[in-house]
Amino acid sequence: MIKYTSSNQLTLSGFSHPFDQELSPENRWVKLAEIIPWDALAVVYLKQLSTNSGRESLDARMVIGAIIVKHKIRISDREIVAMISENIYPQYFCGLTSFQTKAAFHPTVFVDIRKRMGANSFDAWNALIIEKAEDLKPNKKKNSFKNNTDHGGNKTNKGTLKIDATVANQQIVFPTDAGLLNTARKETERIIDLLYIQCPGSTKKPRDYRRIARTEYLVFSKKRRKTRKEIRKFIRKQLGYVKRNIAYIETLLNQLELQRTKAAYLEMFPAMKNPYPAMFPVSKRDQKLYWVIQQIYEQQQYMYESKTHSVKNRIVNIYQPYVRPIPRGKDKAATEFGAKISASEVDGMSRVEHISWDNFNESVDLKLQAKIYKTTFGHYPE
């Protein structure tokens with residue numbers, strides 16, 4: 001038996017929906033909304049806002065609810081805003097009094113919220129959630145360190161504290177020296193193009209050999225097996241291209257320096273027309289990229305000459321220079337790229353005690369994690 005309904009016969013006005021009925025009290029978002037300490041979380045969030053300046057902010061309940069939904073479902077900023085606008089239960093969870101199809105806010109607001117709160121506010125939220133979860137446990141008894149003694153008057157320890165370290169992987173291309181230098185070369189070529197346009201006195205554009213360099217990279221990247229000699233030869237050529245491009249950029253910047261000086265002089269006389277470019281020839285993003293590329297060139301040149309594969313504060317991604325390689329020593333990945341996290345877990349509730357882009361020895365966090373356990377539960381773990 002085959003059942004099929006043509007989409008041409010399905011109209012929006014004829015689609016039946018249960019919105020005229022009451023929400024189900026068994027829904028997960030309804031249950032979660034009843035136990036979340038909204039007022040306590042709002043106090044932490046509102047500390048970052050001004051009470052007498054700026055435009056009116058989003059409702060704190062909406063902000064808190066959207067963040068919780070986002071991290072519970074684990075989807076992107078754009079997807080979570082669309083998901084809330086399409087579903088009635090998340091809208092109830094976020095504090096709306098009626099269903100609406102319009103997005104509650106723009107997805108980019110999440111970026112401002114994260115910057116405004118910072119790690120300390122998120123840690124405070126986490127502590128409040130853990131405290132609330134402890135209060136909801138059946139037959140919960142308040143423990144204090146003073147009363148936590150046995151019949152002989154000796155202090156006792158209870159509970160289990162699990163600690164571990166992991167790496168939050170960044171979404172970056174797996175870094176190789178060849179790929180990193182090729183990206184640096186392409187970015188320097190783009191910056192050269194931007195600077196050359198702003199140099200009306202230049203008659204000839206610098207020769208950067210971009211076609212030859214691109215062809216060499218394509219031929220190199222398509223080889224499945226590369227010998228050590230071939231790799232070193234390719235890196236040597238790419239280092240030469242990047243070095244030449246950096247020298248061209250410095251030359252163009254020197255030419256623009258005279259023009260910027262003239263521009264600053266002409267600004268003193270508004271009656272005169274200023275034919276020169278702005279004081280900053282490239283954007284702040286390109287200025288940062290150029291600085292990163294120079295650091296990458298120095299590191300790669302050092303590793304090439306020293307015949308080594310490690311250097312202090314090694315940069316593995318041009319656009320995220322703060323990411324560092326973290327050796328893990330595991331079968332799946334000997335090295336991971338991202339922030340290292342030292343976390344603790346008690347009864348399924350986790351806390352991040354230490355996070356850093358640089359590698360660190362997680363054993364130094366043991367005392368800190370034990371003290372936090374005592375502060376939360378009133379005694380040390382068994």
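**Rings, charges and cavities**

Mentor: Start with W29, W38 and F93, which form one aromatic cluster. Keep in mind that this is a predicted model.

Trainee: How many aromatic pairs does the count come to?

Mentor: The count comes to 8 aromatic pairs. In the pair of F105 and F110, the ring centres are 5.3 Å apart and the planes stand at 75 degrees, so this pair is edge-to-face.

Trainee: Why do you give me a distance and an angle?

Mentor: Because a pair of aromatic rings is described by the distance of the centres and the angle of the planes.

Trainee: OK. F105 and F110, buried or exposed?

Mentor: Both F105 and F110 are buried. Another pair is F174 with F337: their ring centres lie 5.5 Å apart and their planes are at 90 degrees, so this pair is edge-to-face.

Trainee: Where do F174 and F337 lie?

Mentor: F174 is in the loop between β1 (162–169) and α7 (177–197), while F337 is in strand β3 (residues 335–346), so the pair ties together parts that are 163 residues apart in sequence.

Trainee: And is F174 buried or exposed?

Mentor: F174 has 59% relative accessibility, and the cut-off for exposed is over 50%, so F174 counts as exposed. F337 is at 12% relative accessibility and counts as buried.

Trainee: Changing topic: which charged end sits over the ring of F360?

Mentor: That of K340, and it is 5.0 Å from the centre of the F360 ring. There is also K226, which lies over the face of F220 at 5.1 Å from the ring centre.

Trainee: What is S121 in contact with, leaving aside neighbours within four places in sequence?

Mentor: With those neighbours left aside, S121 is in contact with V44 and Q48.

Trainee: Which element gives the most to the lining of the largest cavity?

Mentor: α11 does, with 5 residues. β3, β4 (349–356) and α11 (366–377) each supply at least two residues of that lining.

Trainee: How do the residues of that lining of the largest cavity divide into nonpolar, polar and charged?

Mentor: The lining of the largest cavity has 7 nonpolar, 3 polar and 3 charged residues.

Trainee: What about the second largest cavity, how much space lies in it?

Mentor: About 40 Å³. The second largest cavity is lined by I67, K70, H71, F110, I113, R114 and F122. F110 is the residue that pairs with F105.

Trainee: Which element gives the most to the lining of the second largest cavity?

Mentor: α6 gives the most there, with 4 residues. At least two residues of this lining come from α3 (60–73), and at least two from α6. By class, the lining of the second largest cavity has 4 nonpolar, 1 polar and 2 charged residues.

Terms used. Residues numbered from 1 in each chain as written. Predicted model: local features only at pLDDT ≥ 70, side-chain atom pairs only at ≥ 80, totals over all residues. Heavy atoms only, no water. Phe/Tyr/Trp six-rings, centres within 6.5 Å; stacked < 30°, edge-to-face > 60°. Buried < 20%, exposed > 50% of the residue type's maximum accessible area, 1.4 Å probe, protein only. Lys NZ or Arg CZ within 6 Å of the ring centre and 35° of its normal. Contact = heavy atoms within 4.5 Å. Nonpolar A, V, L, I, M, F, W, Y, C, P; charged D, E, K, R; others polar. 1 Å grid on protein atoms, 1.4 Å probe; cavity = no way out; pocket = protein on both sides within 12 Å on 5 of 7 lines; lining within 4 Å. Points joined across faces, edges and corners; volume = space filled by probe spheres on them.
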